[in-house]
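Here's a quick briefing to read with the picture open beside you. Take a look at the fold, then follow the points below.

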Amino acid sequence: MTVIFTSSDQKFHYSFICKNTEQFNSLESRLYEIYPEFSENDNYFLCNGRKIARFKDLDYNKIKNSDIITLFTPE
């Protein structure tokens, strides 16, 4: 499956190929390898209006193929 990451300020739009059993924090780490400037904040992620549990898999978070995951950075 693929998931699409974007930031709330639209600074990036990036997709990853993954499995539905992959833990979300491993995807988050992959994202920070590409966009390290976002790794220094206490970010949270939303998908379909739900806050994502970082240490649970994509199935648990009800993330489906082609879903858009938005990164939010607290101010």
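**Surface and overall build**

The protein exposes about 4700 Å², and carbon and sulfur atoms supply 49% of it. Accessible areas here come from the Shrake-Rupley method with a 1.4 Å probe, and for residues only the protein chains shown count as cover. Keep in mind that this is a predicted model: local features need pLDDT of at least 70, side-chain atom pairs count only at pLDDT 80 or more, and totals for chains, interfaces and linings use all residues. Residues are numbered from 1 along each chain as its sequence is written, and side-chain values use heavy atoms, with hydrogens and water left out.

**The big picture**

- You'll find one helix and five strands in the protein; both are DSSP runs numbered from the N terminus, with helices being H or I of at least four residues and strands being E of at least two.
- Going along the sequence, the pattern reads β-β-α-β-β-β.
- The radius of gyration is 11 Å, close to the 11 Å that the globule rule gives for 75 residues, so the protein is as compact as a globular protein of that length. That radius is taken over C-alpha atoms, and the rule is 2.2 Å times the number of residues to the power 0.38.
- Along the principal axes, the C-alpha atoms fill a box of roughly 30 × 20 × 20 Å.
- Of the 75 residues, 36% count as buried (buried means under 20% relative accessible area, exposed over 50%, and partly exposed in between, with a 1.4 Å probe and protein chains only).
- Among contacts with a separation of 6 or more, 53% come from residues 24 or more positions apart (contact means heavy atoms within 4.5 Å).
- The mean positions of the 9 positive and 11 negative charges are 8 Å apart. Lys and Arg count as positive and Asp and Glu as negative, while His and the chain ends are not counted; the place of a charge is NZ of Lys, CZ of Arg, CG of Asp or CD of Glu.

**How the sheet is put together**

- The five strands form an open sheet in the order β2-β1-β5-β3-β4, with mixed pairing (two strands pair if DSSP finds at least two bridges between them).
- β2 and β4 (50-51) are at the edges with a single partner strand each, so one side of each is left without a neighbour in the sheet.
- β1 (residues 2-7) pairs with β2 (residues 13-17) in the antiparallel sense, over five bridges.
- Five residues sit between the strands in the hairpin of β1 and β2, where Q10 takes a positive phi near 65°.
- β1 also runs parallel to β5 (residues 68-72), joined by four bridges, and here I4 stands opposite I68.

**On the other side of β5**

- β3 and β5 run antiparallel and are joined by four bridges, with F45 opposite L71 in β5.
- β3 and β4 are antiparallel too, pairing over two bridges, and L46 faces K51 in β4.
- The hairpin of β3 and β4 has two residues between the strands, and N48 there takes a positive phi near 55°.
- Which residues of β3 are on its covered face, and which on the uncovered one? F45 and C47 are on the covered face, while Y44 and L46 are on the uncovered one.

- I69 is part of β5 and is buried, at 0% relative accessibility. Not counting residues up to four places away in sequence, I69 touches V3, I4, F5, T6, F24, F45, L46, C47, I52 and I63.
- I69 and N41 are 28 residues apart along the chain, and their C-alpha atoms are separated by 17 Å.
- T70, also found in β5, is buried with a relative accessible area of 18%. Leaving aside neighbours within four places in sequence, T70 is in contact with T6, S7, S8, Y44, F45 and L46.
- Y44 lies in β3 (residues 44-47). Is Y44 buried or partly exposed? At 33% relative accessibility, Y44 counts as partly exposed.
- Setting aside neighbours within four places in sequence, Y44 is in contact with K51, R54, T70, L71 and F72.
- From Y44 to L58 is 14 residues in sequence and 15 Å in space, C-alpha to C-alpha.
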